[in-house]
Amino acid sequence: MPVCNGFAMRYAQRDFVGKDTNLDKLEDLVEEFFREEGFKLQSSKHPNGYLIQAKKGGIFRTLLASDRAYTIIIEGNSSNFKMKVGVGEWLKDLGIAAMESFFLTPLLAFVEVPEAFWSYEIEHHLWHYIETQIDLGIQ
């Protein structure tokens, strides 16, 4: 997770240009990644993209609090899109109104988590997995 002036940034972002990627399948791959890691998932499609949340019980839940979850946003189109990964509040209702904050003001939608609580390993594996799948050509 990037650090700026000693404070952990709220999310990491990757921009993908000219990749011709099926975003529906990309969303499925992100869900598959977390499902294989034993996370509880919820996701929804929004007019501006996709919102995926993954949370896990046990120590992860204790450290981050029960209402915190990895939150992934995919927005854009098949040839020009971006992904944001961070920790956000677990939404009880993934309706349009609840999702608006994630797409319109993403910095406010993600919570600041002290670096010690951020799972670098999960984030690193997710980015590696997704970038490899995109390079292989998700059609």
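Why is strand 7 (residues 80-89) largely enclosed by the rest of the structure? The legends below take up this question and then turn to other parts of the predicted model.

**View 1. Strand 7 and its burial in the predicted model.** Seven of the ten residues of strand 7 (residues 80-89) are buried, so the strand is largely enclosed by the rest of the structure. Across the chain, buried residues make up 43% of the 139 residues.

**View 2. The pairing of strand 7 with strand 3.** Strand 3 (residues 11-17) and strand 7 run antiparallel and are joined by seven bridges. One of the residue pairs to find here is Arg14 with its bridge partner in strand 7, Met83.

**View 3. The hairpin of strand 6 and strand 7.** Two residues lie between these two strands, which together form a hairpin. Ten bridges join strand 6 (residues 68-77) to strand 7, and the two run antiparallel. Ile73 stands opposite Lys84 of strand 7.

**View 4. The crossing of helix 1 and helix 5.** The axes of helix 1 (residues 23-36) and helix 5 (residues 120-136) come within 11 Å and cross at roughly 145 degrees. This crossing is right-handed. Helix 1 contributes Leu26, Leu29, Val30, Glu32, Phe33 and Phe34 to the contact, while helix 5 contributes Ile122, His125, Leu126, Tyr129, Ile130, Gln133 and Ile134. By class, the contact has ten nonpolar, two polar and one charged residues.

**View 5. The whole chain, for orientation.** The chain has five helices and seven strands. From the N terminus on, these elements follow the order β-β-β-α-β-β-α-β-β-α-α-α.

Note on methods: Residues are numbered from 1 along each chain as its sequence is written. This is a predicted model: local features need pLDDT of at least 70, side-chain atom pairs count only at pLDDT 80 or more; totals for chains, interfaces and linings use all residues. Side-chain values use heavy atoms; hydrogens and water are left out. Axes are lines fitted to C-alpha atoms, for helices over the stretch in contact, and angles run from 0 to 180 degrees between N-to-C directions. Helices (H or I, at least four residues) and strands (E, at least two) are DSSP runs, numbered from the N terminus. A crossing is left-handed if the near helix is turned anticlockwise from the far one by less than a right angle, and right-handed if clockwise. Contact means heavy atoms within 4.5 Å. Ala, Val, Leu, Ile, Met, Phe, Trp, Tyr, Cys and Pro count as nonpolar, Asp, Glu, Lys and Arg as charged, and the others, Gly among them, as polar. Buried means under 20% relative accessible area, exposed over 50%, partly exposed in between (1.4 Å probe, protein chains only). Two strands pair if DSSP finds at least two bridges between them.
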